[in-house]
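Please read them alongside the coordinates.

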Amino acid sequence: MDNSLLNDDGYKKQIIAFGIAFLLIILLIVVLIVNHRKEDYIIINKSLILTKSGSKYKQINKLDDSVLDFEYNVYSKGNVYKDVSIKIKDNVWYFFDKDYNDLNLNLVPAAYTKKFEKIKVADYKTTYYDEDDDSYLSKIAKGKLVNNFKDSLMKTSYDLDGDGITETIYTINNYGLTSSSRDSYSSVFLVKGDTLIGELSSDHRYPYIVQSVIDLDGNGKYEVIVSKGTIDMATFDTCYQIYSIKGKKIKLIKDC
């Protein structure tokens, strides 16, 4: 038997094996790069950036070029503008169409990349204190003076779960009325129709503000996005919570 043929055959097999291994490595690198670049984003009220891994939402605390290196669908005043580029200069946001025309959009509740194109932004109603709220306040304030919460009270109303009954999210706090943080008290709670359901959070140390009502996954059920710990402008590193409300069930689906 000619040993040179065996050597040649073995050499060829080694070359083929090396080639296959090299191609697998290249394929793995490509997959990792593609998956990294395909991370998608939701920008809410120019102050909250969300991405999603599996069923979990993650907050991005800093706006950088990787977030802006995408084309977005932008919701503004009931219209959706597609293939929009976002640029920021001197803290001013600019929205350009694919021909680089400035769309002159000021009020932008949501902007989102392709993965989140099923998003729906609720046309919710915001109102303030009236005398009918006293019965809810007396139960939620737990012995504290109801009058101390009337000026801060905000109501966000929408049919969140599509059952024909309007849900109202109340936020109250007595910050600024007391010189001691020990006496400070806040609450975020749910009224369905005219029935008090209960509090979204049992933590009364920090003020809450409803920042958005939005159907994040396009299933017809709207989530409530709440900032926690600020009574001023919310920013990218503000603590945000996301609540799902279906019937009388309240579920925290993203905490700080």
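**Notes on the predicted model**

1. D133 sits in the loop between strand 9 (125–128) and helix 3 (134–140). Its relative accessible area is 2%, so D133 counts as buried, the cut-off being under 20%. One of its contacts is polar: the side chain of D133 meets the side chain of Y170 at 2.6 Å.

2. The model has an open sheet of 7 strands, paired antiparallel, in the order 3-2-1-7-4-5-6. The edge positions belong to strand 3 (56–60) and strand 6 (92–96); each has a single partner strand, so one side of each lacks a neighbour in the sheet. On average, neighbouring strands of this sheet are turned by 35° against each other, direction ignored.

3. At one end of that order, strand 2 (residues 48–53) and strand 3 run antiparallel and are joined by 5 bridges. Within this pairing, S53 stands opposite K56 of strand 3.

4. How many cavities of 30 Å³ or more does a search of the whole structure find? The search finds 1, and the volume of the largest cavity is about 30 Å³. Its lining consists of I43, I44, N45, K46, I86, W93, F95, V108 and A111. Strand 1 (42–44) and strand 6 each contribute at least two residues to this lining.

Methods. Residues numbered from 1 in each chain as written. Predicted model: local features only at pLDDT ≥ 70, side-chain atom pairs only at ≥ 80, totals over all residues. Heavy atoms only, no water. Pairing = 2+ DSSP bridges. Helix = DSSP H or I, 4+ residues; strand = E, 2+ residues; numbered from the N terminus. Axes fitted to C-alpha atoms, helices over the stretch in contact; angles between N-to-C directions. Buried < 20%, exposed > 50% of the residue type's maximum accessible area, 1.4 Å probe, protein only. Polar contact = N/O pair within 3.5 Å; in protein donor to acceptor, adjacent residues only side chain to side chain. 1 Å grid on protein atoms, 1.4 Å probe; cavity = no way out; pocket = protein on both sides within 12 Å on 5 of 7 lines; lining within 4 Å. Points joined across faces, edges and corners; volume = space filled by probe spheres on them.
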